[in-house]
Amino acid sequence: MSFLAAEAMTGGYGAADILHACTLTVDRGEIAVIVGPNGAGKSTAMKAVFGMLPLRAGQVRLDGRDITRLSPQERVRAGMGFVPQVRNVFVSMSVEENLEMGAFIRDDDFHATMEQVFALFPILRQKRRQPAGELSGGQRQQVAVGRALMTKPSLLMLDEPTAGVSPIVMDELFDKILEVAATGIAILMVEQNARQALAIADRGYVLVQGRNRFTDTGEALLADPEVRRTFLGG
Amino acid sequence: MDVLNALVLFANFVLIPATAYGAQLALGALGVTLIYAVLRFSNFAHGDTMAIGTMFVVLATWGLQSLGVSLGPLPTALLALPVGILGTVVLVLLTDAWVYRFYRSKRSEPVIFVIASVGIMFVYNALTRFVIGTDDQRFEDGARFVLRVGDFRAWSGLSEGLAIRTSQLLTLVVMVLTVAFVFWFLQKTRTGKAMRAYSDNEDLALLSGISPERVVRITWILAAALAVIAGTLYGLDKSFRPFTYFQLLLPIFAAAIVGGIGQPLGAVAGGFVVAYSEVMVTYAYKGILTYLLPESWRPEGLVQMLGTDYKFAVSFIILVVVLLIRPTGIFRGRVI
């Protein structure tokens, strides 16, 4: 039984289904990456796991608990963290305030967690009083991830974290994601940069038209000639 | 050349009145800008919220005065202020529950909220006129002047006199305290930060567990309190008449937009920009120029750019110019 088990998810935004019996599983400390061509339903699948999409069929279990009926806010309380692709920080508020807002649902003292986030992303400690909107793209992504980490989630979901950042920043971000996973947090990630993402993935899901097409370890998928031919460019 | 007399004339008829007026506009604009930032619409009923709020204060003041309660040199209206604020908060929250919540649940366009607020404006105005009538009402008491013209002349030996009314000094002091409180609330408290987060990025705020109902409620409470304070200070300074507050909508919105709508600091700055512009453009500079210029250069006419009847034209022009040239205003608020 995996820590996160989203099984046979079928659903869409309106009348037409986007996902067809899509299954995603992640274990604690694992990095699972969802890749696929444009329009494959990768972000949709992750939104379904987070509860932002009504499911006609299928269920989502977190640590054995059935959370299919819970709203996104309730899932955050249950231990999920979600980093959207765009508009994922409060641009007019300082870095520190962004982190404070990340911990909004917590009653206890969250300063220890904030210290952990600053230890993970040292540049944020340096820029803690600056408005998040003034930071570069890569730094803003760090704020977005830090914000999601403030609730001490057991599952962290990232929607295309390296979209629009330079290759060096992308490498740094993947390093940070590896560090986060090393603390025991399960990571589910949608990525367009398939090659680099699969290189750090314990598990890879290739989605095509809302269905699971290939499922294997990242390494195996990178080596698979058919996967390489269909979307890694050989 | 009589610089001192010219300065005193300027201070008495431009500086002091414009500062008091600016403080009143600042408080009004602050309420409007908070509603715009969080609830995302221009509240056309804000002027008449000021009217009905001030009406509550006036009635409570009369009540206190008839009981013989007084505050010495300060106006009794200050004691009645909490009552007025409470009444207005209840009214505004009821309005939100009965009117605006419906449109929020339907996710209506902002312009729908604006039209609804115009309807609310008529309702509030009618209620005010119904209860207290349409005439001038006076409710100030206490010492009228902090500094009298005669005392100033005796002290300075100048021919021109300077007077500072209690209401003007009170306006400035209350404004500073209120603005300081609002800024402290928004910057340092958890609820204030949640309001700013909700205004910045609604979806992310909801994701962070911020309760939208709570944020909306606190915004209305703050805006209502600001409206009552602004309206009372204006009423103490001039006099209370139900229709005046509707007319104040134009300078208040001009102030909010000049400063940058959605930016609290902008509302305060904008209030003073508009007030000073209004007063300085419609002031007759003949007296000052007579003191400053040599005999042969002295003006014959009033040297007044616009008659005081055209006061509101100044706000209107400022509004149009800002929207054409720099819609985000001084502190870069949202573009409407």
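A:Ala21 has its place in strand β2 of chain A, where strands (E, at least two residues) and helices (H or I, at least four residues) are DSSP runs numbered from the N terminus. The structure is a predicted model, in which local features need pLDDT of at least 70 and side-chain atom pairs count only at pLDDT 80 or more, while totals for chains, interfaces and linings use all residues. Residues are numbered from 1 along each chain as its sequence is written, and chains are lettered from A and ligands numbered from 1 in the order in which they are written.

A:Ala21 shows a positive phi of about 50° although it is not a glycine. Most residues other than glycine have a negative phi. With 14 C-beta neighbours inside 10 Å, A:Ala21 counts as partly exposed; a residue is buried if 20 or more other C-beta atoms, placed from the backbone, lie within 10 Å of its own, exposed if 12 or fewer, and partly exposed in between. A:Ala8, in strand β1 (residues 4–11) of chain A, also has a positive phi of about 50° without being a glycine. A:Ala8 is partly exposed, with 14 other C-beta atoms within 10 Å.

Back in strand β2 (residues 19–26) of chain A sits A:Cys22. A:Cys22 is buried, as 26 other C-beta atoms lie within 10 Å. Not counting residues up to four places away in sequence, A:Cys22 touches A:Met9, A:Ala45, A:Leu207, A:Gly210, A:Arg211 and A:Asn212; contact here asks for C-beta atoms, placed from the backbone, within 7 Å. A:Gly41 is 19 residues away from A:Cys22 in sequence and 9.7 Å away in space, C-alpha to C-alpha.

Elsewhere in chain A, helix α6 (residues 137–149) holds A:Arg140. This residue is partly exposed, with 19 other C-beta atoms within 10 Å. Leaving aside neighbours within four places in sequence, A:Arg140 is in contact with A:Val89, A:Ala132 and A:Leu135. A:Arg140 and A:Ala6 are 134 residues apart in sequence and 29 Å apart in space, C-alpha to C-alpha.

Now for how the helices of chain B pack. Helix α10 (residues 242–259) and helix α13 (residues 311–325) of chain B meet at an angle of about 35°, with their axes 9 Å apart. Axes are lines fitted to C-alpha atoms, for helices over the stretch in contact, and angles run from 0 to 180 degrees between N-to-C directions. The crossing of α10(B) and α13(B) is left-handed, that is, the near helix is turned anticlockwise from the far one by less than a right angle (clockwise would be right-handed). Among the residues making the contact are B:Leu250 and B:Phe253 of α10(B) and B:Phe316 and B:Leu319 of α13(B). By class, the contact of α10(B) with α13(B) has twelve nonpolar, two polar and no charged residues; Ala, Val, Leu, Ile, Met, Phe, Trp, Tyr, Cys and Pro count as nonpolar, Asp, Glu, Lys and Arg as charged, and the others, Gly among them, as polar.

α10(B) also packs on helix α11 (residues 264–282) of chain B, at about 125° and with axes 7 Å apart. Nine nonpolar, four polar and one charged residues make up the contact of α10(B) with α11(B).

The axes of α1(B) and helix α6 (residues 166–188) of chain B come within 9 Å and cross at roughly 35°, in a left-handed crossing. The residues of this contact divide into ten nonpolar, five polar and no charged.

The largest nonpolar core has 163 residues, and those with the most contacts inside it are A:Met157, A:Ile187, A:Leu188, B:Ala26 and B:Ala255. Such a core is a set of buried Ala, Val, Leu, Ile, Met, Phe, Trp, Tyr and Cys residues joined through C-beta atoms within 7 Å. Helix α1 (residues 3–39) of chain B gives the largest share of this core, 16 residues.

Finally, the contact between the chains takes 13 residues from chain B and 16 residues from chain A. On the side of chain B that touches chain A, α7(B) gives the most, with five residues. That side divides into six nonpolar, three polar and four charged residues.

Note on methods: Two residues are in contact if their C-beta atoms, placed from the backbone, lie within 7 Å.
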